[in-house]
Amino acid sequence: MILRIDRWQTELPPPSTPDPAGAATVQELMGGKFGEMSTLMNYTFQSFNYRFRQGTRPFYDLIANIAAEEYGHIELVAATINTMLTGVDIRDVESEAYKHHYNFGGKGALPADSHGTPWTGDYVHSSGDLVEDLTHNYFLETGARSGKLRVYEMCDHPAARALTGYLLVRGGVHQVAYARALEKLTGADMSKLFPSPRIPTAKIPECQPHIEAGEHKKLYRFSPEDYREVIAVFNGPHPETGEDLEVVDHAPEGFPPQDLPPETDVFAPDYAPEEIAEIAQKLRKAAGLPDKVTGIVANDDDGLVSKVKDKLS
Ligand SMILES: [Fe+2]
């Protein structure tokens with residue numbers, strides 16, 4: 001089962017200038033063949049289908065644990081798309097190629113690629129052969145890094161840059177993890193393949209703070225008790241920097257999400273968000289909840305509801 005923590009794995013900036021074309025481009029990192037839905041679902045199905053766990057536990061723990069991190073990556077991609085769509089006026093998007101964001105998605109991210117083609121289970125490779133699956137996963141992370149770099153180059157929106165800077169570093173960790181698993185299982189010297197593709201993350205400004213924080217060499221354990229045996233695989237020197245790889249015995253602390261404002265021209269959350277807010281307040285009071293909302297967001301602003309009222313009146 002999944003224990004959900006209401007935090008983002010990295011900090012994303014608040015909405016700035018809307019970027020509908022950029023949001024369409026970032027969709028490739030969600031539902032493209034090498035997007036985060038693919039990494040999430042590949043590792044999830046491989047872990048669901050994994051047999052002989054007790055005999056081969058470190059490899060099972062590695063795949064299952066990385067799957068959990070990928071859930072947070074699809075959340076970050078969605079948050080980035082939603083940030084870039086905030087403030088778009090749907091009367092101005094007639095010339096935009098990607099209309100599903102408005103006429104179907106209500107200015108929300110979609111499980112689709114940059115052309116609007118839905119993500120498909122055809123992208124999942126769960127063969128039942130551990131070496132085959134690990135090789136596939138190494139290749140998947142390699143392609144995912146290429147895709148992130150291209151989106152980085154195509155989009156200069158601050159949210160897209162923050163997202164790709166973070167995911168390039170974390171995807172690199174997963175690539176190292178699968179390489180190390182293959183080395184330990186087969187004796188192949190995977191370190192000779194690095195960096196693959198040739199992305200100098202240390203030179204990318206949005207990667208630098210994450211590298212300084214050591215995010216390029218840490219594998220987090222996304223469970224209070226389980227997946228302890230990842231340490232048997234994720235160890236030794238980082239193939240690019242030579243630093244020791246490190247397993248962190250908990251999930252990252254994370255960052256409060258940005259609470260994005262309602263977009264009234266597509267009725268999200270409805271044409272009268274202040275009415276829903278009033279109903280929610282009554283229900284909260286009846287349930288004995290405190291006056292102050294319990295959830296945590298980056299832009300905690302008690303005046304949000306009144307601002308919505310102002311905007312509508
Ligand atoms: Fe990922």
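Author: Two residues count as in contact here when their C-beta atoms, placed from the backbone, lie within 7 Å of each other. The model is a predicted one.

Reader: Which residues does His73 touch, not counting residues up to four places away in sequence?
Author: His73 sits in helix α3. Beyond four places in sequence, the residues His73 touches are Glu36, Thr39 and Leu167.

Reader: Is Glu36 buried or exposed?
Author: Glu36 belongs to helix α2. Leaving out residues up to four places away in sequence, Glu36 touches Leu29, Met30, Glu70, His73, Ile74 and Val77. Because 26 other C-beta atoms lie within 10 Å and the cut-off is 20 or more, Glu36 is buried.

Reader: Where does UniProt place the feature "binding site", and what is the largest C-alpha distance in that set?
Author: The unreviewed UniProt entry gives this feature at Glu36, Glu70, His73, Glu141 and His174. These positions are spread over 139 residues of sequence, yet they cluster in space. Their largest C-alpha distance is 13.0 Å.

Reader: With which residues is Ala177 in contact, leaving aside neighbours within four places in sequence?
Author: Apart from neighbours within four places in sequence, the contacts of Ala177 are Leu62, Ile66, Leu219 and Phe234.

Reader: What radius of gyration does the protein have?
Author: The C-alpha atoms fill a box of roughly 70 × 50 × 35 Å along the principal axes. A compact globule of 313 residues would have a radius of gyration near 20 Å, so the value for the protein agrees with that rule. That value is 21 Å.

Reader: How many Å separate the centres of domain 1 and domain 2?
Author: The domain assignment puts domain 1 at 20-248 and domain 2 at 269-312. Taken over C-alpha atoms, the separation of the two centres is 34 Å.

Reader: Is Lys292 buried or exposed?
Author: Lys292 lies in the loop between α8 (273-286) and α9 (304-312). The C-alpha atom of Lys292 is 34 Å from that of Thr164, 128 residues away along the chain. Because Lys292 has 7 other C-beta atoms within 10 Å, and 12 or fewer is the limit, Lys292 is exposed.

Reader: Which peptide bond type joins Phe194 to Pro195, and Ser196 to Pro197?
Author: Both Pro195 and Pro197 are in the loop between α6 and α7. Omega is near -10° for the bond from Phe194 to Pro195 and about -10° for the bond between Ser196 and Pro197. The type in each case is cis.

Reader: Phe52 and Lys107 each have a positive phi; is Lys107 buried or exposed?
Author: Phe52, with phi near 60°, is in the loop between α2 and α3 and is exposed, as 10 other C-beta atoms lie within 10 Å. Lys107, with phi near 55°, is in the loop between α4 (100-103) and α5. Because 25 other C-beta atoms lie within 10 Å, Lys107 is buried.

Terms used:
Residues are numbered from 1 along each chain as its sequence is written. This is a predicted model: local features need pLDDT of at least 70, side-chain atom pairs count only at pLDDT 80 or more; totals for chains, interfaces and linings use all residues. UniProt positions are given in the numbering used here, feature names are shortened, and annotations may be inferred rather than shown by experiment. Helices (H or I, at least four residues) and strands (E, at least two) are DSSP runs, numbered from the N terminus. Domain bounds come from an automatic or database domain assignment. The radius of gyration is taken over C-alpha atoms; the globule rule is 2.2 Å times the number of residues to the power 0.38.
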